[in-house]
Amino acid sequence: MNVQGKHYRTIWFKDYGVIQAIDQTKLPHEFCIEDMHTIDDVIAAINTMHVRGAGLLGAAAGYGMYLAAFEAPEGNFSSHMEEAGKRLLATRPTAVNIRMAVEGQLNAIRDVDEQKEGIEKLLKKANAIADEDAEFCWRIGEHGLRLIEEISKRKGGEPVNILTHCNAGWLAFVDYGTATAPIYAAHNKGIAVHVWVDETRPVNQGSRLTAWELGHQGVPHTVVADNTGGHLMQKGLVDIVLVGSDRVTRRGDAANKIGTYLKALAAKDNNIPFYVAIPSTSIDWRMMDGGAIQIEQRSGDEVKYITGLADGKITRMLLTPENSEAANYAFDVTPGRLITGIITDRGICKADFVNLMQLYPETIPKGG
Ligand code: MRU
């Protein structure tokens, strides 16, 4: 997407052994690009949320595997790469895209035990993972567009009010985003839209990142405190809820940023369509019940402190009594029964086992 007239992805191959990414911890106040040279750099960037968001985590893991190959000891390529994969998998447990990327990379070098050949294959696959992510998000935009178009027609061209939570925008992927892709497609087609952006405590992916990227694309939006959504829905100020997900199970349960479940409950109570937009790489075909999804618990400091701009400097401040304990559950699970539909790269379907399988018949185990 564009930043001051220049096209960027969130992560890209810069040079032999050098990967670059946007440092998201500095946004919206500073736009910084950082270099990653080693798998340790990638792991640090993931752990500190310099790179974050389901699709981008997958792409970063793909490039992390590529960088890891440079450090392979002679004669030990395969086990070194297996170990690198385990380290990446241990970073953030909820987003299934990391697993998809690590497994894809290990597959790409299954018959390779020579470092030089491995590096070439890993770069090719990492670029393919990133390209596929962008392509899937683009298609999600095309499929989701019709939902917004229908509402716009019904409202006689009045702005379509969309509520979103967290950042399932292009910053969370390689390009376009998932929840935002239909919004950008509609906006680019001249359909009037307005986005309610949940601030998304504790890390404020909504107020920092979604607001920043919508602003850069010229999409009208308003940031609201996290608990505002229910009220807006009761007042008829939300036409549709569009969110992303870090892992959708085979039966359509969706893990997303903490607070998403409450939005789904409020949407159900107010008869407002609630859609989850995901690429197929975020579907965990091995898991049925969303209750089994591992919910990442992050440092309580993210709850206790807030970061913002003070006197022109990015500053971190304590919000709570110093000695209070804080718990930081990063995600929750919205059951499929609360989801109106899932917008995928292959089309829109009901959030259930049969409909998801019909869109992706190749995932049906052979013989049944
Ligand atoms: O903790 P983050 O910022 O990596 O959160 C993940 C997400 O970006 C959201 O849960 C998002 O809504 C899902 S789609 C990337």
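Student: What volume does the largest cavity have?

Tutor: Rolling a probe the size of a water molecule over the atoms shows where empty space is left. Here the largest cavity has a volume of about 140 Å³. A cavity is a set of points, on a 1 Å grid over the protein atoms alone, where a 1.4 Å probe fits but cannot get out. Points are joined across faces, edges and corners, and the volume is the space filled by probe spheres set on them. This is a predicted model: local features need pLDDT of at least 70, side-chain atom pairs count only at pLDDT 80 or more, and totals for chains, interfaces and linings use all residues. Residues are numbered from 1 along each chain as its sequence is written, and side-chain values use heavy atoms, with hydrogens and water left out.

Student: Which residues lie nearest the centre of the largest cavity?

Tutor: Arg52, Gly53, Ala54, Asn167 and Asp246, out of 18 lining residues. Lining means having an atom within 4 Å of a grid point. By class, the lining has seven nonpolar, seven polar and four charged residues. Gly counts as polar in this scheme.

Student: Where does the largest cavity lie relative to the domains?

Tutor: Domain 1 (2–132) and domain 2 (143–363) both supply lining residues, so the largest cavity lies between them. The bounds come from an automatic or database domain assignment.

Student: What takes up the space of the largest cavity?

Tutor: The ligand. Its shell holds 17 residues, with Arg52, Arg92, Asp246, Asn256 and Lys257 the closest. Being near requires a heavy atom within 4 Å.

Student: How many cavities of 30 Å³ or more are found?

Tutor: Two, across the whole structure.

Conventions
1 Å grid on protein atoms, 1.4 Å probe; cavity = no way out; pocket = protein on both sides within 12 Å on 5 of 7 lines; lining within 4 Å. Sits in = over half its atoms within 2 Å of the grid points.
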